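Dear colleague,

I am passing on a model that I would like you to look through before you set up any work of your own. The structure comes first, and my notes on what was found in it follow.

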Amino acid sequence: MDKIIIEGGRPLHGEIFVSGAKNAALPLIAATLLCPGEHTLYNVPDLKDIRTILVLLETLGITYHYPEPHTLVINSDHVEGYEASYDLVKTMRASVLVLGPLLARLGRARVSLPGGCAIGARPINFHMQGLQKLGAQLELEAGYVDASVKGRLQGNTIYFDFPSVTGTENMLMAASLAQGKTIIKNAAKEPEIGNLIDMLTAMGAKIDGRGGDILVIEGVAELKPAATTIIADRIETGTYIAAVGAAGGELTLRNCNPAHLPSFLEKMRAVGIFIEEKDTVLVAGRSGPIKSVDIKTMPYPGFPTDLQAQIMALMTCTNGLSVIDETIFENRFMHVAELQRMGADIRVEGGRAIVAGTGMLTGAQVMATDLRASASLVVAGVAAQGVTTISRVYHLDRGYERLDEKLRQVGAKIWREKE
Ligand code: EPZ
């Protein structure tokens, strides 16, 4: 296992190229199961989670190759397998995204329940209820969801109690090949959903309501392969903005999409970070003091839960009080204890964290617990005085392409060593 070492207190200057979005690439790779043929995906990020879902799809019968870096060609002519094993699903719960496409294509899917993770129980009841509404028979047996349907899935109206991101994605993929019309109400509106809708539409699916919370899908008998570009990773973009806010300096972020971070950018401006948006380029910088702000995570277009940990690290560098409400996941404060080791003054009460900014953190040995918690420790480390050592950085490598290398290129003193 690797560890990352950071000598903090150095401002960041230069440009960073943002990679494709992990949370778009995962559903779009799963969607290649929907029909045979050669599917092409551009701007695919080089991440552990991408390698994991490709291993899973290989067990189902697909083959793939990268004709050039970040361009992925998947051949899904021979999809005979329909089981996603516990060994694979337990390492990445997004494996649940094969449930909808396998049911739609093969009429059968046997997917391990993902089990919990560091940030919460992560049930998939919305996915199961939705697929049952489309006519699937589901049984829970020995930790697996065993789903089947005779003939085609049947269109229906699905109402989500909560706008589940992967729940919406699973329903979109399943409904694309169902008989008749499906209406999804209270659908998630994250940009990654729009990226999936664009791919499915290019494959021949008939989907109305893109960008809204009511999606209408007219099922078709078959789809055809397409070529799609993965959108920029808005969470990676936000992570670098938090880093330059904490460390000071100025960064130019390229290949990003500022329009996908509406509430986050406004909050960062309120913190005192200078932000200029120009199409696919975003310039962010901080020279003066930063101010504390209150945060409440919400479904898109609200403040993203995937940036909560990173902004908490930033708030510890202010001299004010910041109230952070995490409303999406029940246990997404694993980074608090690690930040406290760096001198942060944070009090947690249920889903609320109260940060009393101390103006400055001190380097320490800390441990990554989950993907975004590890990113928050990097943000804290580049700002802290002294040396921070982050262990278990395999969490980081699941969702960030060469984060330490990209930060080193803009002046951070950051490197990897074997644990
Ligand atoms: C997606 O997870 C993202 N993952 C998460 O990013 C992100 O934090 C989350 O959406 C919220 O934006 C991918 O896209 C691969 P949800 P997902 O279904 O779909 C509850 C990262 O760091 N819920 O929108 O699993 C659930 O427990 C990851 O990149 C049910 O109760 O999230 C949670 O409290 C972390 N039953 C809330 O809804 C269900 O059937 C939101 O979950 C499904 C979800």
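Helices (DSSP H or I runs of at least four residues) and strands (E runs of at least two) are numbered from the N terminus, and a residue is taken as near a molecule or strand if one of its heavy atoms lies within 4 Å of it. This is a predicted model, in which local features need pLDDT of at least 70 and side-chain atom pairs count only at pLDDT 80 or more, whereas totals for chains, interfaces and linings use all residues. Residues are numbered from 1 along each chain as its sequence is written, and side-chain values use heavy atoms, with hydrogens and water left out.

I begin with the ligand. The largest share of the shell around the ligand, three residues, is supplied by H5, and the helices that each give at least two residues to that shell are H1 (22-31), H5 (125-133), H6 (165-176) and H12 (371-383). There are 22 residues around the ligand, of which Asn125, Ser164, Thr166, Asp306 and Ile328 come nearest. By class, the shell holds 10 nonpolar, six polar and six charged residues, where Ala, Val, Leu, Ile, Met, Phe, Trp, Tyr, Cys and Pro count as nonpolar, Asp, Glu, Lys and Arg as charged, and the others, Gly among them, as polar. Because domain 1 (2-19 + 232-418) and domain 2 (22-229) both contribute residues to the shell, the ligand lies between them; the domain bounds come from an automatic or database domain assignment.

Polar contacts are pairs of N or O atoms within 3.5 Å; within protein, one atom must be able to donate a hydrogen and the other to accept it, and residues adjacent in sequence count only if both atoms are side-chain atoms. In the side chain of Arg93, an N or O atom is 2.9 Å from an oxygen atom of the ligand, while for Val165 it is a backbone N or O atom that lies 2.9 Å from a ligand oxygen. For Arg332, the distance from a side-chain N or O atom to an oxygen atom of the ligand is 3.4 Å. The ligand taken alone exposes 820 Å², and the protein buries 89% of that, with accessible areas from the Shrake-Rupley method and a 1.4 Å probe; for residues, only the protein chains shown count as cover.

Next come the aromatic rings. Rings of Phe, Tyr and Trp (its six-membered ring) pair if their centres lie within 6.5 Å, with planes under 30 degrees apart called stacked, over 60 edge-to-face and the rest tilted; by this rule there are three aromatic pairs. One of them joins Tyr64 and Tyr66 edge-to-face, at 6.2 Å centre to centre and 90 degrees between the planes. Another is tilted, because the ring centres of Phe264 and Phe303 are 5.6 Å apart and their planes stand at 50 degrees. Since Phe264 belongs to helix H9 (residues 262-271) and Phe303 to the loop between strand S18 (295-296) and helix H10 (308-315), this pair ties together parts that are 39 residues apart in sequence. Both Phe264 and Phe303 are buried, that is, under 20% relative accessible area, where exposed means over 50% and partly exposed in between (1.4 Å probe, protein chains only).

Finally, some backbone details deserve a check. Most residues other than glycine have a negative phi, and most peptide bonds are trans. The peptide bond from Tyr300 to Pro301 is cis, with omega near 10 degrees, and Pro301 sits in the loop between S18 and H10. Asp279, although not a glycine, has a positive phi of about 55 degrees, and at 73% relative accessibility Asp279 counts as exposed.

With best regards
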